Amino acid sequence: MISSESMNDYLFRLASRQPTPGGGAAAALHAAQGAALVAMVARYSTGEKYAAYAEQVARITESADTLRHEALGLADEDERAFQGVIDAYKLPSTTEELKAAKTAAIQDALVTAAQTPARLIGLSGAVVDLATELFDAANPNVISDVAAAADAARAAATTARVNIDINVVAIKDPAVRSRLASETDGLEEKVVLAADALVQRVRERILA
């Protein structure tokens, strides 16, 4: 599992000629890093100097820790889901019945594989929202990490979008394709806009 292996082992597997882990898992780790950065900045934004923000910062810290944990879980889920697609394509199709069963299994696996990155986009947006909320309370010595968090979440959202697309185009049922599209279309653009706006605010604060 990605959530329990070393970084070196994960990167070795990512770089190897094997189908999992792939871009979906990488996207989830982008989000996990973004959440971790938010939590780190929050933990540096405590004490007497930040007393006015104490309750807000404590809530942000707890939420960011939860999102980090959830993102790691999505990395594992994505790897399992894509492996499910691979396994479905390997099913036998020597008879008409087996062929029909294989087709159904592939379609089910593709839908499952599209759902994990869809959830990841929502999680990425939550990371950017937390980073944005933290901006005013953030310790200026680590304010650049607020931007780093936003950019990590941005990468997670845009990568997740591509992973949704590549699964959806292979789904034959137009109703399912339409449902998946309605649940996700436009969401990553909102994350991107929010992340870009926050990064700009951070840079202006640094350079002021």
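Helix α4 gives the most to the lining of the largest cavity, with three residues. The model is predicted, so local features need pLDDT of at least 70 and side-chain atom pairs count only at pLDDT 80 or more, while totals for chains, interfaces and linings use all residues. Residues are numbered from 1 along each chain as its sequence is written, and side-chain values use heavy atoms, with hydrogens and water left out. Helices are DSSP runs of H or I with at least four residues, numbered from the N terminus.

**Largest cavity**
- The structure holds one cavity of 30 Å³ or more, and the volume of the largest cavity is about 30 Å³.
- A cavity is a set of points, on a 1 Å grid over the protein atoms alone, where a 1.4 Å probe fits but cannot get out; a pocket is an open set with protein on both sides within 12 Å along at least five of seven lines; lining residues have an atom within 4 Å of a point.
- The lining consists of G24, A28, L74, D78, T116, P117 and L120; α2, α3 and α4 are the elements that give two or more residues to it.
- By class, four of these lining residues are nonpolar, two polar and one charged.

**Residue A28**
- A28 is found in α2 and counts as buried because its relative accessibility is 1%, where buried means under 20% relative accessible area and exposed over 50% (1.4 Å probe, protein chains only).
- Not counting residues up to four places away in sequence, A28 touches A71, L74, A75 and L120, with contact meaning heavy atoms within 4.5 Å.
- T116 is 88 residues from A28 along the chain, and their C-alpha atoms are separated by 9.4 Å.

**Largest pocket**
- The largest pocket holds about 220 Å³ of space.
- It is lined by 16 residues, of which D78, F82, N163, I166 and N167 are the closest to its centre.
- Helices α2 (23-43), α3 (54-89), α4 and α5 each supply at least two lining residues, and α3 has the largest share, six residues.
- The lining has eight nonpolar, six polar and two charged residues.

**Helix α7**
- The 21 residues of α7 (residues 187-207) should span 30 Å at 1.5 Å a residue, and the end C-alpha atoms are 31 Å apart, which agrees.
- Buried in α7 are E188, V191, V192, A195, L198, V199 and V202.
- Seen down the axis, the buried residues of α7 fall within an arc of 140 degrees, so they line one face of the helix; the arc is that of the directions from the helix axis to the C-beta atoms.
- K190, L193 and L207 are exposed on the other side of α7.
- The cover over the buried residues of α7 includes α4 (96-134), α5 (144-168) and α6 (174-184).

How values were computed:
The expected span of a helix is 1.5 Å times one less than its number of residues. Grid points are joined across faces, edges and corners, and a volume is the space filled by probe spheres set on the points. Ala, Val, Leu, Ile, Met, Phe, Trp, Tyr, Cys and Pro count as nonpolar, Asp, Glu, Lys and Arg as charged, and the others, Gly among them, as polar.
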